[in-house]
Amino acid sequence: MDKHIVVTISREFGAEGHEIGEVLAEKLGVKLYDKDILGKAARERGLDKTALSDADERVARRFFEPYLMLSMGLVNKNDQLFAIEEQIIRDLAATESCVIIGRLSDYLLRGDPNAIKVLVFAPLDFRVNNIKQKYGMSESAARKMVNRMDMARRDYCAYYSGGKWKQDSGKDILLNRETLGVQGCADILLAAVKTKMEQS
């Protein structure tokens with residue numbers, strides 16, 4: 001692909017946004033980035049990947065106001081990770097076509113005319129059943145995990161956007177995974193990318 005097109009995929013937990021991204025990236029012949037961004041960040045900055053993974057898409061509890069933390073020379077691990085990922089995401093969008101899963105990439109690239117911002121969603125019961133089957137959990141445990149992860153992602157999004165962005169904000173495409181299936185969602189996104197390429 002001559003023109004850099006970036007597809008950002010936000011997803012409800014259990015809606016298989018990652019799987020859709022994998023299929024799309026393969027169809028396009030481009031790279032998919034998700035937690036790989038953590039590894040790249042860790043290697044480039046000499047940081048511990050395991051420690052950074054603990055901060056993955058979560059918001060740390062704050063015991064001090066941000067200005068007080070700064071004045072005391074304290075650095076929040078989550079904020080450090082987000083700043084590193086933000087630069088990597090912007091660099092990727094400027095240099096290559098790719099698919100990026102999560103990482104608030106839709107918000108970070110909200111002004112990029114070559115970004116296609118997507119939300120993959122599905123009904124709660126469908127997502128709970130997916131997680132139940134994937135991890136061999138009871139329905140009760142799977143439901144708790146889905147609710148906990150949904151809340152964590154909402155909090156992450158609200159915190160790092162300063163309350164300006166919700167998970168369904170600013171999206172170009174909304175896809176119901178239950179209705180369309182993984183392949184169907186990927187095919188729709190493939191058509192969207194081709195249309196975007198033809199507009200240039």
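In which kind of crossing, left-handed or right-handed, does helix 1 pass helix 9?

1. The note concerns a predicted model. In this model the crossing of helix 1 past helix 9 is right-handed. Helix 1 comprises residues 17-28 and helix 9 comprises residues 177-198. Their axes lie 9 Å apart, and the two helices pack at an angle of about 35°.

2. The residues that form this contact can be listed from both sides. Helix 1 contributes Glu-19, Ile-20, Val-23, Leu-24, Lys-27 and Leu-28. By class, the contact of helix 1 with helix 9 has 10 nonpolar, one polar and four charged residues.

3. Turning to the aromatic side chains, the structure holds four aromatic pairs. The ring centres of Phe-82 and Tyr-156 are 6.1 Å apart and the ring planes stand at 75°; because edge-to-face pairs are those with planes over 60 degrees apart, this pair is edge-to-face.

4. The pair of Phe-82 and Tyr-156 links distant parts of the chain, the two residues being 74 residues apart. Phe-82 belongs to helix 5 (residues 77-95), whereas Tyr-156 belongs to helix 8 (residues 139-160). Both Phe-82 and Tyr-156 are buried.

5. Phe-82 and Tyr-156 also belong to a cluster: ring pairs join them with Tyr-159 and Tyr-160.

6. A further point concerns a charge over a ring. Arg-110 lies over the face of Tyr-107, at 3.9 Å from the ring centre.

Note on methods: Residues numbered from 1 in each chain as written. Predicted model: local features only at pLDDT ≥ 70, side-chain atom pairs only at ≥ 80, totals over all residues. Heavy atoms only, no water. Phe/Tyr/Trp six-rings, centres within 6.5 Å; stacked < 30°, edge-to-face > 60°. Helix = DSSP H or I, 4+ residues; strand = E, 2+ residues; numbered from the N terminus. Buried < 20%, exposed > 50% of the residue type's maximum accessible area, 1.4 Å probe, protein only. Lys NZ or Arg CZ within 6 Å of the ring centre and 35° of its normal. Axes fitted to C-alpha atoms, helices over the stretch in contact; angles between N-to-C directions. Left-handed = near helix turned anticlockwise from the far one by under 90°. Contact = heavy atoms within 4.5 Å. Nonpolar A, V, L, I, M, F, W, Y, C, P; charged D, E, K, R; others polar.
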